[in-house]
Structure formats: C-alpha cells, structure tokens
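This briefing is written for someone who is meeting the structure for the first time. Please keep the sequence and the model at hand while reading, and follow each topic in turn.

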Amino acid sequence: MGLQLSIVTPERELFTGEVDSVLAPGMDGEMGILPRHAPLIAALKEGVLIARQGEEEMVFAVHGGYMQVLPDRVIVLADVAERAEEIDIERAEAARRRAEELLKKEPPPEMRAEAIAALRRSLVRLRVARRRRYRIESERPESSD
Amino acid sequence: METLREIRRRIRSIRNLSQVTRALEAVSASNVQRAQAAVLATRPYAHRAWEVIVNLAGIKGIPLHPLLVHRDPPRSALIVLFTSDRGLCGAYNSHIIKVATDFAQRLDVPVRYIAVGRRGRDALWRMRAELVAEFTGLPAVPGFLDLSPVARAAIEEFLEGRADEVFLAYTDYINLLQQRPVVRRLLPLRPTRLDEQAVSEYVVDMRPAPVADYIYEPDPETVLSTVLPRFTELQVYQAALEAATSEHAARQVAMRNATDNAEDLLRDLTLTRNKARQRMITRELLDIAGGAEALRQLEARQ
C-alpha cells in the first residue's frame, strides 16, 4: 500500500502520484509520514519536502501552508511550492542578495516583512536546489561507469 | 458632399482602426482562456481547504478564531471593489460599480472601500467615497501573490475592528456573452453557510468529511490560524480571477463589435467611393463628349 501524495497550491496542482513516504517541514520540526498514518492536519513552515518512491527521491520547496494526512493520502496545501528542477539557482541567489541588502537599510515595517518573507523563500529555494545538485553530483560516478 | 480624396482617407483610417480592434480582440480572447484556466486551477485547493475548515469548525472547546467571529449587529462594512485598469470593455466597469454602490446603500452602515483597478478607484473618488486602499496595475492574469496584499489589507481592517463585515464586489464570469456583477461575503467566514461565501462555486461538497478525528499538529488553534487567512486570500484571488476573466471577455466582445462596425462602415464608404468615382468619370466623359461636340459644330460652321 502506497501513499497518494498531492501537492496543491492556489495556482496549480504541482504533483499527484503514488509514493512510499513523505518528509514534510512541520512547524515543530520535520515530520515523516508513512502509509497508514493516523488522520492528521499539520501546519507547515517554509522548507524542504521530500517524497520517496523506491530508490527515487523527489524534492520540493514548500513555502508555508498545511498538510492533511489520511491513511492512504497526503495532501499538501501550500501557498507557493515548486519542484527542485524548476528552481533557478541564480535567480534565487539574486533574490537573496536583494532581500539582504534591503534589510540592511532598515526599511519601514511593511517593506521589512516583505523582505523577510522574500529572504526566507530564496533560502528555501537555495537549500532545495543545492540538495538536488549534490545528489546529481554524487550519482555521476555510477552513471559514468 | 465629400470629395473622392476625403472618402479615400476615411477608408484608410477606418481600415487601420479595424486592424487594431481585431488585434485587441485576439489578445483579449487569449487572456480569457488563460484567466479561465487559472480559475479552474484553484478548484482542488479550494475544495481541500474548505474541507479542513469545516472539520476544524466542528471541534468543540477551542476559542472561536477571530476571522470567524460575528459582530452583531455590524456597525461598519468594507467592500473590495474589482474593476479594470483600462476601458474599452463595454459596460463592464459601470455595471459592477453600480451594483456595489447600490449594495452599500442598502447596508445602512458606514461603508468604506478597497479599490482594485483604476476605473473603480476613479469612480469612488468622484463619489467621495472613503477609500482604505487602492491597488492598480495588476497583470492581465494576476497570480496568487499579486492579490495577497489586497487580502491582507482586508483582513487587517476586519481584525482591527474598523470593519465588522467585508464583502467582495466583482463580476462573475458565466460565458463569453454573460457576466454577472455580484457582491459576496468575505469576512467573517461562516463555515455553516457556504452559499453566502465567494468560494461557493468552487466547492462541491460541503458536508464535513467522515474522518473527523484528526490529530492537529501543533494544535487546532495554530492550524486554524494557518488555514483561515490563506482561505481568505484564496477567495480574494478567485474573485480577482473571475473579474479578470469577465473583463477580458467584455473587452473581446466590445472589440468584436467595433470590428464589425468598422467593416459595415467600410462597406458603406466603399460604395460611396465607387459612386463618387463613377460620377467623376461620367462628368469627365460628358466634358469630353461636350467638348468634342462643340468642336464638331465649330468645324461644321466654318
């Protein structure tokens, strides 16, 4: 028995498919979900969500939201979410620098909140994208054999 | 009586105009498609989110979330009015502005506004209505993040007690030829009264799910305060997308009519031009014939 995972944002259904396990960024720390989990609704913070399917690992960046867990289903309702493959590292890096510079200049409160949110988003994106890159690099020797 | 040259000039300018309106029609048509697709894409999220809210609202013994609290009787209201930035879309803007202001009058409490779109802002300004905030320059098909400042402004007004009720006034897209201006409730949320909510179209099943014994992580209050503001944002986003779809549809139809009118005019003018040309040719022929006749008579007399 697998888990039916859907990752949904207001703008699109990012992913639907069968997976073996899900590792989600809960408010109080990482939460691992396996099939037959008790019904659960959990608030998420921005972070990395990993879905495993056999040997394969899918990595997503999730920016806030919540997750509904049923014995055979996991539904992630995120404000914004993207696959690791979609993340443009250079853009995320540029966004991080922009946000950091803005924060140094002590902006007015509402701009400050925006900047902090932007900074968090870019940091999560970078983490997700790097994780994927390491994986690709570590897999490389095997594939070249 | 216009001269042939004037008629030709008019034909040329109307032909150019009809090319512009035809291009605008095509652009609007593609925007309608995109906006409509975006509206449909919110459906899975809306449905899930509503399910969670209904479940959470059923739990006894937790304090009512501020976004669910009714103030009875309401003493003030806020209307978020969705209009377009640009014109050339028929009666789209004037309809929704009329419906929103009529609704405001019936409320019988002081009403303030958040204007989304330049047209609505200008109209409210002319009426000397009280504007809390204005948002203009949204993209043709707005994204979720474009609308979250609007939602946040509305939530803040409600939570700080400056508005006891918040409504969304927008144009509901039915089909290309029909769009319906509506006013629907945004806040306070009423998990038992789906029909009043802006989201009602997108949520199919409103019964609480059979699995009610959820574990809440970290606790129900935190989850509810994660879910509710986002759900409010979602409703604002959906209203904006409906409004955008309607705007582009109205513009597409207006532009098609303009193109049709231009073509009618071109047909008429072409006829007038041909008549004028024929008249000129006839006149010239008469001149020549008359001249030749005169010449012949002159020769005959000599």
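**Two domains of chain A**

Domain 1 of chain A and domain 2 of chain A bury about 1,200 Å² between them, and carbon and sulfur atoms give 60% of that area. The model is a predicted one, and the values below are to be read with that in mind.

**How the domains of chain A meet**

- In the domain assignment of chain A, domain 1 covers 3-85 and domain 2 covers 87-144, and the centres of the two, taken over C-alpha atoms, are separated by 20 Å.
- The contact between these domains of chain A involves 16 residues of domain 1 and 10 residues of domain 2.
- Between domain 1 of chain A and domain 2 of chain A the count is 1 salt bridge, and the side chains of A:E82 and A:R125 meet in a salt bridge at 2.9 Å, N to O.
- The count of residue pairs in polar contact between the two domains of chain A, with both residues at pLDDT 80 or more, is 3.
- On the side of domain 1 of chain A that touches domain 2 of chain A, at least two residues each come from β6 (47-53), β7 (56-70) and β8 (73-83) of chain A, and β7(A) gives the most, with 6 residues.
- That side of domain 1 of chain A divides by residue type into 8 nonpolar, 2 polar and 6 charged.

**The contact between chain B and chain A**

- Chain B brings 26 residues to the contact and chain A brings 28 residues, while the area buried between the two chains is about 2,300 Å², with 66% of it given by carbon and sulfur atoms.
- Within chain B, the residues that lose the most area to chain A are B:Y45, B:R48 and B:Y214, which together account for 26% of what that side buries.
- Across the interface of chain B and chain A the rule finds 1 salt bridge, and the side chains of B:R230 and A:D79 meet in a salt bridge at 2.4 Å, N to O.
- Between chain B and chain A there are 8 residue pairs in polar contact, counted with both residues at pLDDT 80 or more.
- The elements of chain B that give two or more residues to the side touching chain A are α2 (43-57), α5 (144-159), β6 (215-217) and α6 (220-301), and α6(B) gives the most, with 7 residues.
- The residues on this side of chain B divide into 16 nonpolar, 4 polar and 6 charged.
- Strand β5 of chain A, residues 40-44, pairs with β6(B) in the parallel sense over 3 bridges, and A:L40 stands opposite B:I215 in β6(B).

**The layout of chain B**

- Chain B is divided into domain 1, made of 4-23 + 257-301, and domain 2, which covers 28-255, and the C-alpha centres of these two domains of chain B lie 57 Å apart.
- A search of the whole structure finds 26 salt bridges over all chains.
- In chain B, the side chains of B:R22 and B:E263 meet in a salt bridge at 2.4 Å, N to O, and this pair links distant parts of the chain, with B:R22 in helix α1 (residues 4-41) and B:E263 in helix α6, 241 residues apart.

**Local backbone features**

- A cis peptide bond joins B:L187 and B:P188, with omega about -10 degrees, and B:P188 is placed in the loop between β5 (178-187) and β6 of chain B.
- Another cis peptide bond joins B:E217 and B:P218, with omega about -5 degrees, and B:P218 is placed in the loop between β6 and α6 of chain B.
- In chain A, A:R36 has a positive phi of about 65 degrees although it is not a glycine, and A:R36 is found in the loop between β4 (29-33) and β5 of chain A.

How values were computed. Residues are numbered from 1 along each chain as its sequence is written. Chains are lettered from A and ligands numbered from 1 in the order in which they are written. This is a predicted model: local features need pLDDT of at least 70, side-chain atom pairs count only at pLDDT 80 or more; totals for chains, interfaces and linings use all residues. Side-chain values use heavy atoms; hydrogens and water are left out. Contact means heavy atoms within 4.5 Å. Buried area is the accessible area (1.4 Å probe) that two parts lose on being put together, summed over both. A salt bridge is a side-chain nitrogen of Lys or Arg within 4 Å of a carboxyl oxygen of Asp or Glu. A polar contact is a pair of N or O atoms within 3.5 Å; within protein, one must be able to donate a hydrogen and the other to accept it, and residues adjacent in sequence count only if both atoms are side-chain atoms. Helices (H or I, at least four residues) and strands (E, at least two) are DSSP runs, numbered from the N terminus. Ala, Val, Leu, Ile, Met, Phe, Trp, Tyr, Cys and Pro count as nonpolar, Asp, Glu, Lys and Arg as charged, and the others, Gly among them, as polar. Two strands pair if DSSP finds at least two bridges between them. Domain bounds come from an automatic or database domain assignment.
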